[in-house]
Amino acid sequence: MRKFVDLHLCPSIENLDQVENMVKKSSELGYHIVGISLPPDIKRDEISQLQKICRDSKTDLVTRVDFTPKTRRELLNNLRRFRRRFEVISVICTSKTIARQAAKDRRVDILSFPSTDPRGRFFDDAEAELASKALSSFEIDMTLLLSSKGFSRIRLLSCLRKEVAIAKKFRVPVVISSGATCEHLMRGPHDYASLAFLFNVTPSLALRALSEDPLAIVERNRGKLSPDYVVEGVRIIRRKNDCLDV
Amino acid sequence: MPRRVRRRYLALRVVSEQPVSQRDITSAFWNTFLQLFGEYGASQVGFSLIDYNPQKGEAIVRCSHKALEMVRASIASITEINEKPATLHVIGVSGTLRALRKKALS
């Protein structure tokens, strides 16, 4: 059975009732793993509280942080400070410089473009080539599509169609997530797959963008954050006391 | 001889803070569908609301099998009914009413 992942829920962290309702709703809609966007300075006990809420709803919590840096230096500093504290790191690209830096940095998991204006979206061939080499994924927040209307939705659909074609060409994984701030903006994975039909994504690709692709990010990063990880391809399988005497 | 029209039946769950009538669901669907696919698309869809249970918040709609993806996209795009936040979730799709009732609404 497919494991569906919604990597981007944006409830207000102070309002635990809202978090609980949204996580419950996710579970009802068929998601097994949810990523909640957290502030970088969140405390460990707050994360444990969120983990408990998710456990009660039979979902798995992924800790995620969204950076909106203004300069390259700010992005690099943030990555250095927080990479080992969160399972998923997303960069909201508000300028071309940031987008390029984020795409070539292997510590960035997700590239996000929140603008509906084509001039505010920087996912072109060059960006996709960099992202493909650095194993970054291109994220599509469906809330943007659900909450826009009229001409801005037309522009957004046109941009998404182009960007998905570029992502396919350069084999950049696409991640479809909700980006929901309230329950009314949450949909089931199959509903998102049918919405993705609006920007020429086939149902099979859409379902992959809702399950295998985000799951791969989570598993890769959990492996890297585990104490047994040494470097790419090398990990500790047994420690001194567990080793057999030869 | 013309081929028989193939149809799809969809079971929906209506989530809204206020009571919603059959007419509200139909008009919300058509508004969204017309915005997304226009009158040309609307002429091909063959949409009708078959059954609605306001107590349970469950509805069954019918459409042409060729327009299924368009209908699902429109249903997922509905964010408000009567200017109040509302959501329609597709809980099942089938080729016959009997199978749909057995599969999704049992």
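Here are a few friendly notes on the structure above.

1. A word on conventions. This is a predicted model, in which local features need pLDDT of at least 70 and side-chain atom pairs count only at pLDDT 80 or more, while totals for chains, interfaces and linings use all residues. Residues are numbered from 1 along each chain as its sequence is written, and chains are lettered from A and ligands numbered from 1 in the order in which they are written.

2. Chain B has 3 helices and 5 strands (DSSP runs numbered from the N terminus: H or I of at least four residues for helices, E of at least two for strands). Along the sequence they come in the order β-α-β-β-α-β-β-α.

3. How does the radius of gyration of chain B sit with the globule rule? For 106 residues a compact globule would have a value near 13 Å, and chain B agrees, with 13 Å (taken over C-alpha atoms; the rule is 2.2 Å times the number of residues to the power 0.38).

4. In chain B, 30% of the 106 residues count as buried (20 or more other C-beta atoms within 10 Å of the residue's own; 12 or fewer is exposed, in between is partly exposed, with C-beta atoms placed from the backbone).

5. A:Gln18 lies in helix H1 of chain A and is partly exposed because it has 15 C-beta neighbours inside 10 Å.
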